[in-house]
Amino acid sequence: MESPKPLTSYRKYWAQRFGTAPFLPMSREEMDKLGWDSCDVILVTGDAYIDHPSFGMALVGRLLEAQGFRVGIISQPDWHSAQDFKRLGKPNLFFGITAGNMDSMVNRYTSDRKIRSDDAYTPNAEPNKRPDRAVTVYAQRAKEAYPGTPVVLGSIEASLRRIAHYDYWSDKVRRSVLPDSKADLLIFGNAERALVELTHRLARGEKIGDIRDLRGTAFMVPKGWLPGEDWGAVDSTSVDIPGKVDAHPDPYSMGDSGPRSAPPFAAQAQAAEQGGEVAVLPLKFVPAAERVAARKEQRAKTVVRLPSYEQVVEDPVLYAHASRTFHLESNPGNARALVQAHGERDVWLNPPPIPLTTPEMDHVYGLPYARAPHPSYGDAKIPAWEMIRFSINIMRGCFGGCTFCSITEHEGRIIQSRSEDSILHEIEEIRDKTPGFTGTISDLGGPTANMYRLACKDKKIESSCRRLSCVFPGICENLGTDHSHLISLYRKARAIPGVKRVLIGSGLRYDLAVQSPEYVKELVTHHVGGYLKIAPEHTEEGPLNKMMKPGIGTYERFKQMFEKFSKEAGKEQYLIPYFIAAHPGTTDEDMLNLALWLKHNNFRLDQVQTFLPTPMALATTMWHSRRNPLKKVGRGSEVVETARAGRQRKLHKAFLRYHDPENWPLLREALKEMGRSDLIGNGKRHLIPIFQPPGTGMKAEAMVRRDAREARDGAAGRPQGGNRKPAAGKAGGQAGRGSSCQVRRQAEGAGPRGTPRPGAKPSAAPSGRRRK
């Protein structure tokens, strides 16, 4: 992997003389107080502006400010016209556009495509303060406000929509966000390196259309464009064949222009066949290191051409193939550039960004954040801020590779960790400067609680690896699982004067935790506030394999350790398990078996989650294409059955809440259809009772009657209502409408859930936030 230029090595821009702003300005009045006549960069976001490193716009805004640039923020603008995008004037360099910490569609719609009643990133949780597909809409309005001003896209919404992708809300494959938004550049993944380099180059007078060499960026180019004459292209279907393809042409055959690039041995063979003299060519020994270096150089200047947008729209197999190829080219140590045709133009993706080093992470998180919402919000409550105000991000990235999760596509598999000193200093900052602090740190975590400073044992192996997960189907032998750094951090954190408790709010990767009993003991003894989030997701092998999650046996091992150490500590503590309904590859029988497991273990889940297909996730590929991209995709490859119809999705969710009388009519009907009427009764061995409490199950009974009626209508040849697809709102056309661990939760559409059953066992706990 190349050695990038450190973030702190740039010469600061001349505007550094204005100093540090208490808050990045959101109005001309604030700019005047700072002595600014204009902004160099204006960031537009769909979230409320909270000056805290868990919020993307604050982080990149403070980072650019530290480079000497004047940065303004337009938060939650009125998108119905371009007027609100002029409130800070024209930026000298560019508009930076983001939907916020969440994909705007996940933010606004549930997994059933129903509009949410609140928005955690808006003052007082007020809904409808951002448009659907906000990145596209904001970019279009910025272009209208100041034509000719460069527009740069970023954030998770842009990252997950950088190539052609299946969109659940419109139930179709949509184009890359680039041609729809008309943006000049898209920065995907962790944006710091590309953003700092881009801003300095624009400040030096380079045109944005000429900046084509930044890792972690995507842009539109003429069809067939290559960076130089020494570059070549390879078709992805020749790398990973998606079924039947045409035979490769003979490279030595005679065409209209004669033989092409015939190597010496081919020329000798041809001469011998024709009876001519054969020249004896001297053999040249090429050292292995030289051959490897040559291959690496050639690979670095090779772009992989994915099937075009038009092809993946028409062919689900090619869509699955493109998705698989995209994910295989995600390691920054060996990933090649990708290109995908969209009509007469190409979307070009440079390789992913190089991860930040620990000193760079410390720099980014150590900038002078106000650690509070902008004063213009007054006393308004912003739920997302209330959730993270006493929590700390200690790392980024995730090598778990769960197929339903979007963190890997956004933050990558390589863990980027902060130093102990940086984290401990932030705890002291919270203690000394954050109003309302009572001595409890709510979380030391990230996408996963216990991947801090875990990495491949060999950098060479890491840079050449193309595995989709370091822990599935088992933990890689090259992965370091030493939790001693995390144990040390925990001990030092709770020893800080004024800190009473340090809790772990991020979800735990329990298959890693069981590798370190000392860590589990430390965690359970000191850092569990009664409940610990953990995510088996399912019990059955079929869906677990499609999720790339460990078997339920690993959960049982962790549960035993958790209960043992809780007992030794004299504490009554609970595990909070999470499960997904209707995940690709899940059958009705799988959900029934999960329900029986829940009943056997005395679990009564409250709020539960139905699978939400988010753009570019591997599970979303399974949902759309019905193919498994975890293996080579072909015309005759495995078909992944998925609960897509409304009734079946409701049934799968009902199995998770088998104890709810509202679900009993639907479950009774399903159990009869499955030949499992033996599970209907009033005994302990039964899943649901025969009786129905008065006033319950009305919706489920109506659904059962409707299905029966439609079945009769179908048999009689009459038109059927079927499972009508819910409306997706005004998604599209016009301008319709965290921390890193929150990014994952939000990308899955997760929320709070679960209450313990009275008198339940220690393991029978409520469900909290979505977990890893």
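This report covers model confidence, aromatic ring pairs and charges over rings.

The model is predicted. Its chain has an average pLDDT of 87, and 83% of the residues score at least 70. Residues 244-274 stay under 50. For them the model has 17 contacts beyond four places in sequence. Residues 719-772 are also below 50 in pLDDT. That stretch has 199 contacts beyond near neighbours in sequence. Where pLDDT is low, the predicted coordinates should not be read in detail.

Now the rings. The model holds 22 aromatic pairs. Two of them are set out here.

| Pair | Centre to centre | Angle between planes | Arrangement |
|---|---|---|---|
| Phe390 and Phe437 | 5.7 Å | 55° | tilted |
| Tyr510 and Tyr555 | 6.2 Å | 80° | edge-to-face |

Phe390 sits in the loop between helix H14 (383-388) and strand S15 (391-393). Phe437 sits in the loop between helix H16 (420-433) and strand S18 (440-441). The pair therefore ties together parts that are 47 residues apart in sequence. Phe390 is buried, at 15% relative accessible area. Phe437 is buried too, at 16%.

The tyrosine pair joins two helices. Tyr510 belongs to helix H19 (residues 510-513) and Tyr555 to helix H22 (residues 552-568), so parts 45 residues apart in sequence are tied together. Tyr510 and Tyr555 are both buried. Ring pairs also link them with Phe579, Trp597 and Phe603 in a cluster.

Charges meet rings as well. The charged end of Arg113 sits over the ring of Tyr168, 4.0 Å from the ring's centre. Arg212 lies over the face of Phe219, at 4.3 Å from the ring centre.

Notes:
Residues numbered from 1 in each chain as written. Predicted model: local features only at pLDDT ≥ 70, side-chain atom pairs only at ≥ 80, totals over all residues. Heavy atoms only, no water. pLDDT = per-residue confidence, 0-100. Contact = heavy atoms within 4.5 Å. Phe/Tyr/Trp six-rings, centres within 6.5 Å; stacked < 30°, edge-to-face > 60°. Helix = DSSP H or I, 4+ residues; strand = E, 2+ residues; numbered from the N terminus. Buried < 20%, exposed > 50% of the residue type's maximum accessible area, 1.4 Å probe, protein only. Lys NZ or Arg CZ within 6 Å of the ring centre and 35° of its normal.
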